[in-house]
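Let's take a friendly walk through a protein model, going from its sheet to some of its rings. Have the structure open as you read.

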Amino acid sequence: MKIIDEKGKLFGKINLIDLLVVIVLIAAILFLAVRFVRGRDANPINSSTKLTYTTLVSNITPEVYEEVQRQMAAAGGRDQLMATGDLLDAYVTKVEARPHMNYQPDDNGVVTASEEQGDKAHLDLVFTVEANVVNPIVNEVGTQEVRVGKSHILKTVHFEFTYGSILTCDWE
């Protein structure tokens, strides 16, 4: 029995040109599969990145701020974030208070800023959060994406604010 017969068939069963086309297709598929798998492994999406961000929560009473400070001290200065009952790899590491500003337009439409005064003056709190994110493109902490200007629910083991706003983001 000949390897290639007079009709150009390999072992009398398959056409040589058809065999070459099949081999080229298999090689192309294997090449793309290997490239896709290696591309995913080298992608930073699969590695953990440290994200430090600040969240502004406005118009808080001094009593609430004092309780947040007490809770932070009780947690050793690092209160762990949570989402839907699960603890996250993220912690509030710092809370700063600023005087709350009120903005009032006058009769001519000019807006004047004034700082609240007195013992019962409300505060704006700035929370610093350190988190490890798996995907530095999406920046998800729990179920929330973290980006400057985005609204943010700040929920820890000991306190929760549902009306925060992201001020800064830094990646390491």
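Two strands pair if DSSP finds at least two bridges between them, and strands here are DSSP runs of E with at least two residues, numbered from the N terminus. With that in hand, look at Y53, which stands opposite C169 in β12. Strand β3 (residues 49-60) and strand β12 (residues 160-171) pair in the antiparallel sense, over six bridges.

This is a predicted model, where local features need pLDDT of at least 70, side-chain atom pairs count only at pLDDT 80 or more, and totals for chains, interfaces and linings use all residues. Residues are numbered from 1 along each chain as its sequence is written, and side-chain values use heavy atoms, leaving out hydrogens and water.

Next come the rings. Aromatic rings of Phe, Tyr and Trp (its six-membered ring) pair if their centres lie within 6.5 Å; planes under 30 degrees apart count as stacked, over 60 as edge-to-face and the rest as tilted.

| Pair | Centre to centre | Angle between planes |
|---|---|---|
| F127 and F159 | 5.7 Å | 35 degrees |
| F127 and F161 | 5.4 Å | 45 degrees |

F127 lies in strand β8 and F161 in strand β12, so their pair ties together parts that are 34 residues apart in sequence. Is F127 buried or exposed? F127 is buried (under 20% relative accessible area; exposed is over 50%, partly exposed in between, with a 1.4 Å probe and protein chains only), at 0%. F161 is buried at 6%. Ring pairs link F127, F159 and F161 into a cluster.

How values were computed: Helix = DSSP H or I, 4+ residues; strand = E, 2+ residues; numbered from the N terminus.
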